[in-house]
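Visitor: I am new to reading protein structures. Could you walk me through a few features, one at a time?

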Amino acid sequence: MTETTTPVFPCPSIPETLDFYRALGFEVSFEQTSPNPYAVVQRGAIALHFFGMRRHDPATSYSTCLISTDAVDALHAAFRAGLRAAYGRVPTRGIPRIGPLRDTTYGVRQFLVTDPGGNCLRIGQPTGESLEHGPRPDGAFAGALHLAALLGDAKGDHRQAARVLDRALARAEAAAPGEPGADTAGERPTAPEWVAALVLRADLAIRLDEPERGAELLRRADGITLTTEERAGLRDALRRAAELREELGGEPDAGPA
């Protein structure tokens, strides 16, 4: 016996929704305008159904589904490229939008896509056997960075995440004016932690409609020297910094040295 589960999402406009999914590389396999608006899109093994709901408010939608893949990096890159080609930019705020690709604390490498109907696709690739959150890292700064990422990504509380990072950055600067390094109290971040925190704080600033603050934080991240090994370990943060620069109208391939 074989079973299949298919999400059926509401949307205020079937045509707008189909245009969005075409940009992501989906094919429209069915479209009905009457008696009730209904459509189906498919990309490989991913199938999504939609029904028209004129009074549906995308801003208040809680509809979501999980999509598992063994090629999350490739999908993220393809979706961003498709959106850029269709819209002339990559939408990262508001509705619709695509989020950053990150390793979560619960064993999944994932990114989120929100379509014009406010429906959220959580597209992830397992990186471990457990979905339980990992332990909080040792050290005050590392712990604050961990908490801010949880607040910003899992909970969507960008303002509180920004407050957590601002306090940690202020304590780090007071404890260690000058070059970042290790300290016994855990207040002073390593160079990779410092860059990760500045990029995440820049991301939060832009999401909070503070582009000038975001640009200033990215410039600070640029001033921190990283080794080749450290850069490899920061691939997601450096990619996100490039995406943010592109969103701000700068060079997308710039990054910390």
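Visitor: Which backbone nitrogen does a side-chain oxygen of Ser13 reach at the start of α1?

Guide: The general idea is a polar contact: a pair of N or O atoms within 3.5 Å, where within protein one must be able to donate a hydrogen and the other to accept it, and residues adjacent in sequence count only if both atoms are side-chain atoms. Here, a side-chain oxygen of Ser13 comes within 3.2 Å of the backbone nitrogen of Glu16. This is a predicted model, in which local features need pLDDT of at least 70 and side-chain atom pairs pLDDT 80 or more, while totals for chains, interfaces and linings use all residues. Residues are numbered from 1 along each chain as its sequence is written, and side-chain values use heavy atoms, leaving out hydrogens and water.

Visitor: Which residues of helix α1 are buried?

Guide: Helices (H or I, at least four residues) and strands (E, at least two) are DSSP runs, numbered from the N terminus. Buried means under 20% relative accessible area, exposed over 50%, and partly exposed in between, with a 1.4 Å probe and protein chains only. In α1, residues 14–23, the buried ones are Ile14, Thr17, Leu18, Phe20, Tyr21 and Ala23. An α-helix has 3.6 residues a turn, so residues three or four places apart point the same way. Just after α1, Gly25 has a positive phi of about 95 degrees.

Visitor: How many residues of α5 are buried?

Guide: In α5, 15 of the 17 residues are buried, so the helix is mostly covered.

Visitor: Now for strands: which strands are joined to β8 by bridges, and how many bridges join β8 to β9?

Guide: Two strands pair if DSSP finds at least two bridges between them. Strand β6 (residues 97–98) is joined to β8 by two bridges, running antiparallel, and Arg97 stands opposite Thr114. Two bridges also link β7 (residues 102–103) to β8, again antiparallel, with Arg102 partnered by Gln110. Seven antiparallel bridges join β8 to β9 (residues 120–126), where Val113 has Leu121 as its partner. Six of the seven residues of β8 (residues 108–114) are buried, so β8 is largely enclosed by the rest of the structure.

Visitor: What lies between the strands of the β8 and β9 hairpin?

Guide: Five residues lie between those strands, and Gly118 in this hairpin takes a positive phi near 85 degrees.
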